[in-house]
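Open the model in your viewer and keep the sequence beside it. We will go from stop to stop, selecting as we go.

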Amino acid sequence: MKDGKRLLYNESGGIYTIDVTGGDPEKLNTGSVSNNNNDHGISFDGKMLAISSQRQGMTGGGSTVYVLPVSGGEPKLMTDSTPSYWHGWNPNGKEVVLVGKRNGSNIYNIYKVNITTKAETPLTRNTSGHVDGSEFSPDGKFIYYNSSQTGTMQLWRMKPDGTGSEQLTFDEYNNWFPHISPDNKWIVFISFPPGIDPVTHPSYKRVMLRLMPVGGGAPRVIAYLYGGQGTLNVNSWSPDSKHIAFVSNSEFNGH
């Protein structure tokens with residue numbers, strides 16, 4: 001959370017907050033939207049929350065993006081198209097970015113949605129491979145994401161209008177979900193081993209969390225763990241850019 005005192009997370013379709021030191025969780029009121037997944041996040045000003053929730057009987061599992069006050073309330077539908085998974089807020093608070101499939105395609109692309117008009121703008125137009133993890137930098141100058149267009153999953157960034165794509169990682173790992181620190185200096189991301197399908201991010205794998213400068217450079221490992229899907233899908237930097245929250249699939253006695 002923006003005050004640095006609580007964490008926000010999903011469990012069994014609900015959204016909860018809990019003190020960073022532990023204790024009893026508190027369930028957030030998300031109104032009639034009650035099948036939430038792990039693609040959710042808080043606006044840069046700390047006032048709004050975007051969530052992704054499954055709708056029964058919809059294409060591709062029915063994940064749909066909504067916006068509501070961070071204190072809770074009845075969510076507002078951002079797009080009727082499914083599947084749609086939220087991944088980032090524009091720092092101006094007026095747009096969200098998501099990944100989704102459209103018009104019967106089996107390929108995910110990145111879209112930008114105006115939260116007032118609900119107008120949707122495609123930012124990528126891939127016909128093969130996979131893109132995911134779209135996230136604005138705190139200064140609003142770039143959208144960071146991961147893409148398999150070179151064969152393995154690597155980190156990229158582009159301008160907010162979808163132009164000027166630039167590859168940032170070039171190694172043998174499959175790198176997913178770039179998250180930019182609030183001070184705009186660092187990217188933390190999850191690296192899967194070379195042996196997995198590059199377009200998947202499975203759970204229960206031996207993975208690494210790695211850190212690199214925001215403009216590119218040699219990554220360094222900050223954690224080895226057993227995890228994957230759900231470990232670091234969305235931005236979980238602390239407001240002071242000194243800590244990262246993540247999910248492990250095994251017992252963890254560190255900090």
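Helices (H or I, at least four residues) and strands (E, at least two) are DSSP runs, numbered from the N terminus. This is a predicted model, where local features need pLDDT of at least 70 and side-chain atom pairs count only at pLDDT 80 or more, while totals for chains, interfaces and linings use all residues. Residues are numbered from 1 along each chain as its sequence is written, and side-chain values use heavy atoms, with hydrogens and water left out.

**Stop 1: Asn184**

Select Asn184. It sits in the loop between S16 and S17. Its phi is positive, about 65°, although Asn184 is not a glycine. Most residues other than glycine have a negative phi, and most peptide bonds are trans. Is Asn184 buried or exposed, or in between? Buried means under 20% relative accessible area, exposed over 50%, and partly exposed in between (1.4 Å probe, protein chains only). Asn184 is partly exposed, because its relative accessible area is 22%.

**Stop 2: Ser137**

Now select Ser137. Find it in the loop between strand S12 (131-136) and strand S13 (143-147). Ser137 counts as buried because its relative accessibility is 1%. Contact means heavy atoms within 4.5 Å. Beyond its neighbours within four places in sequence, Ser137 is in contact with Phe44, Pro91, Phe142, Tyr144, Ile180 and Asn184. So Asn184 from the last stop turns up again.

Show side chains here. A polar contact is a pair of N or O atoms within 3.5 Å; within protein, one must be able to donate a hydrogen and the other to accept it, and residues adjacent in sequence count only if both atoms are side-chain atoms. The side chains of Ser137 and Asp139 make one, at 2.6 Å.

**Stop 3: Asn235**

Go to Asn235, in the segment after S19. At 33% relative accessibility, Asn235 is partly exposed. Which backbone atom of Ile180 does the Asn235 side chain reach? It is the oxygen, at 3.1 Å. The Asn235 side chain also reaches the backbone nitrogen of Trp237, at 3.0 Å.

**Stop 4: Ser241**

Stay in the segment after S19 and select Ser241. Ser241 has a positive phi of about 65°, and it is not a glycine. Ser241 counts as buried because its relative accessibility is 12%.

**Stop 5: the largest nonpolar core**

Select Trp176, Val188, Ile190, Phe192, Val207, Leu209 and Leu225. Of the 14 residues in the largest nonpolar core, these touch the most other members. Such a core is a set of buried Ala, Val, Leu, Ile, Met, Phe, Trp, Tyr and Cys residues joined through side-chain atoms within 4.5 Å. Strands S16 (174-180), S17 (186-192), S18 (205-213) and S19 (220-227) each give two or more residues to this core. In soluble globular proteins, nonpolar side chains tend to be buried together.

**Stop 6: a cis bond**

Select Thr82 and Pro83. A cis peptide bond joins them, with omega about -5°. Pro83 lies in the loop between strand S7 (76-77) and strand S8 (84-89).

**Stop 7: Asn10**

Finish at Asn10, in strand S1 (residues 6-11). Asn10 is partly exposed, at 26% relative accessibility. Its side chain makes a polar contact with the side chain of His40, at 3.4 Å. Now pick Leu28 too: the C-alpha atoms of Asn10 and Leu28 are separated by 9.8 Å, with the two residues 18 apart along the chain.
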